[in-house]
Structure formats: structure tokens, C-alpha cells
Amino acid sequence: MDAVDSALMAARAQFAITISFHIVLAAFSIGLANFLMVLEALWLRSGRKVYLDVYRYWLKVFALNVAVGTASGLILEYQFGLNWSRLSVQAGDILGPLMFYEVLAAFFLEAGFLGIMLFGLKKVGPRLHFFATCAVAAGSLISAFWILSANSWMHTPAGYSIATDGRFMAEDWWAIIFNPSFPYRLAHMTLATLLGTATLVAGAGAWQLLRAPENPRARLQFSMALWAIVIVAPLQMVVGDLHGQHSLKVQPQKVAAIEGSWTRPPTGAGEPLRLLAWPDMTERRNHWEIAIPRIGSLYLRHDLSGSIAALDEFAPQDIPPVTPVFFAFRLMVGLGLLMLGQGVISLVLRRRQRLYVARRWLWGCVLMAPAGFLAMLSGWTVTEVGRQPYTVYGLLRTADSLSPVSREQVLGSTVLILAFYLLVFGIGLWVLLRLLREPAHEDEPGPQPTLAEETGHAEERTHGH
């Protein structure tokens, strides 16, 4: 491996580290903001204080997550500018405005109303406070919209021309923003944020129920999270199938890597479902393969005899690293099936009125707490590693996007980033676990007024002025 390849691998590893931390925090912010919005809406509609108790409990977690997530985002921007300046030069005319829209329309919307969310309930009244919560939730979704639009454009570039110096120039912003893969990625990622938040909230609720089975607040958050899993998990599988069908058209190398398909089977034989294998990129074959004939064709082509383009039909330098893509996809699907099973079991136990008291079930939900975010990270690995060796698919190679930096420079900055992350995330995780260890109480964080009392206080302040 020469110096350029060594620096490239170091820069890719650093980006993988930073984005893996940040994407979980960003996704949790999106899911939790929308969970808070639903909680406050239910409180306003019903007047039941239990919704407000749970709202205030998770609001503290949300504030902690936003603080740590902001720090991780700054580091992400730092390493992006340090290591990938050629990408910024070549594609900056397109990616720059998209990122600017994200900051302008989303970040300021979230930041502007976050203070009202945290401190304004007794000052502005419940309905204006609910508007602030809705604004923060909307801001998080708008942020995801622009980020995923930029990322999707790099997978399926559209609406551009290439200048004489090689720079991508914007020609049709509508085509750029709503590029071919964007609807699938937006839907798939948004559902992933909701599913990851739901499994985490369910895990926290299960842990609290193991210690206080009769706590109505723990029961409420546990029940709501499981209803979300029941709804979102099957929907995510449908969207994932549509996304996969589209990827098969626009990124056939990625799908071949996902399947570990090195050679196309005979006509009519169908594509096997490879449950387990060890892909060997040197020998261009799989070791220790365990497969079920034809089943792969069922979800790839929706029949039992179809086939896909195999890896030996592409130039070796144009195929992605097969091993991480192959295993990450199976981890994602396996966790997705577990979450689907979690939803089904919750319906059975709910019908039998044992949802809150079956201890083995509660322990299972505790273990499943990180499943949604682990599945999301696995899916992100499939998406981004499967795009290699390109940053702008088919047009700009990752090797040509790298800044003129040495391996030693990248490794040195990686050590500093890891030290910062260990400090910030270590403290954040410690505080988070302390918060989640104890369930919400009626008197937390102090005397909690009813909806009527909150409304009355707001009216008094209005008349007073």
C-alpha cells in the first residue's frame, strides 16, 4: 500500500468514526423531538398530567442529546474540511447551498425555539409552548431533508453540468434536490430515526418497570414506544424493499456486494439467499457459504427465477469492499426482524394483559434498547461503503476527493478526535444512564400544574401586562 492509499484509508476511517457518533445523536434528536411533540399534544387534548410528567422527563434527555450532538457536528465539519477539500472544490457549488439551506432553515429553527421548550412552559403558556415543540420537531425533519438531499445527490447525481476544470455546476435545482434516490433515502432514514428512538424508549421503560411495575409514567412511555414499533417496523420493511429495488437499478455493484454474488447463476436457476459466507475479494469468491436456493430472487426480483448482475461483470477497481457491506446488511435485516418480532409479541402480551409484568419480556426489551440505532448504523454502512470507490457515484472517485494530507496528519487528528469523543460522549453517556435509571415521578422537576392551571397563569400574565 503506497502513501496515498494509506492516507486515504486513514481519512475514510476517521470519517467513519465521526459520522457514526454524530448520526446516532442526530437521529435520536429527530425521533425524540417528534415523541415530545406527540406527548405534549396528548397532554393538551386530554389534560392528563401523566403526559406532562413524561414530557418533562424526556425533555432533559433531549437537551443533553442536542448539546452532545452539536459538539460532534462541529468535529465532523472540522475533519471534512481537513481531509476532503478536493470534494469541496469539485462539488461545492452543489453541496454548499444544500448544506446552507440545512443550517438556515433547520438549525436556526431548532435553536430558536429550543429555549422556549426547555424553560418557557410557565412563561408563554401551554399552547405557545406546544408551537415551540412543533417548531423544533419540524426543524429536525427539515434538517434531515437537506442533509439526505445532499447525500442522495452524491449517490444519484442529477441536474448538473461539468465545467472545463471538472467542477460540478448546478443546472436544475429541482432535479438536484429531488434526485432519483432521495425519496427512498428520506423515507427510510426518517423511519429509522423513529424506530431507533422507539426501541430506546421502550428499553428505558422496561428497565424502570422492572424496578417499579406500577409506575404509570413508565407504563405510558413503554406502551407508546411499543405502539410505534408495531406501526413503524413493518412500514420500514416495505420502504426498505422499495429502496432496494431502486438501488438494483442505479447501483448494481452495491446490490451484488450485499448478496455476495460473484457469478451469475444459470438462466432460470434463481439467486440464492446467502445466509452466511466469507467474501474473498482476492480470490473473488465466497468461503464457507451457506445458502438457500432461489430465495434471493424472491426479494430481489419478486419471483423465483430472476437474477442480478454479479460482481465479476464489473471491473475489479469499480466494486465496493464486499465483506463489510455483506455483513452489515445481514446485521441490519436481522435486527429489523427482531424489532418486528418485538412488536408482534407486544400485541400478544397486551391482549393477555401481561405487557407490564412479564419479566423475561421486560429484560428482552432492555436488551433490544440499542437495536434500532445499531440497525441504522448497519444500514448506513451498507449505503456508504457500498458506494465506494466513489464519493459522487460514477463521476468522482474517493481517492480524487482527498486533501493533500499525509497518513501521519490524519492519524494524529484522529487521536485528538477520539480523545475528545471519549471525554464528551463518556460524560454524556454517564449522565444519560443516570437519567434513564430512575422513572419519571409526579413531582419531577418540582410541583407540576395541570393544564387548567398553566392556562390560567398565562392569562393572568397577559391581563397583568
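**Exercise 1: a strand pair**

Asp280 stands opposite Arg285 in β4. This is a predicted model, in which local features need pLDDT of at least 70, side-chain atom pairs count only at pLDDT 80 or more, and totals for chains, interfaces and linings use all residues. Residues are numbered from 1 along each chain as its sequence is written, and side-chain values use heavy atoms, without hydrogens and water.

Task: describe how β3 and β4 pair.

Step 1. Strands are DSSP runs of E with at least two residues, helices runs of H or I with at least four, numbered from the N terminus. Two strands pair if DSSP finds at least two bridges between them.
Step 2. β3 (residues 273-280) and β4 (residues 285-292) are antiparallel, with 6 bridges.

**Exercise 2: helix α8**

Task: find where α8 has a kink.

Step 1. The bend at a residue is the angle between axes fitted to the seven residues ending there and the seven starting there.
Step 2. In α8, a kink of about 25° lies at Val232, shortly before Pro234.

**Exercise 3: Ser378**

Task: decide whether Ser378 is buried or exposed, and list its contacts.

Step 1. Ser378 belongs to helix α13 (residues 371-385).
Step 2. Its relative accessibility is 5%, so Ser378 counts as buried (under 20% relative accessible area; exposed is over 50%, partly exposed in between, with a 1.4 Å probe and protein chains only).
Step 3. Beyond neighbours within four places in sequence, Ser378 is in contact (heavy atoms within 4.5 Å) with Ala328, Leu331 and Met332.
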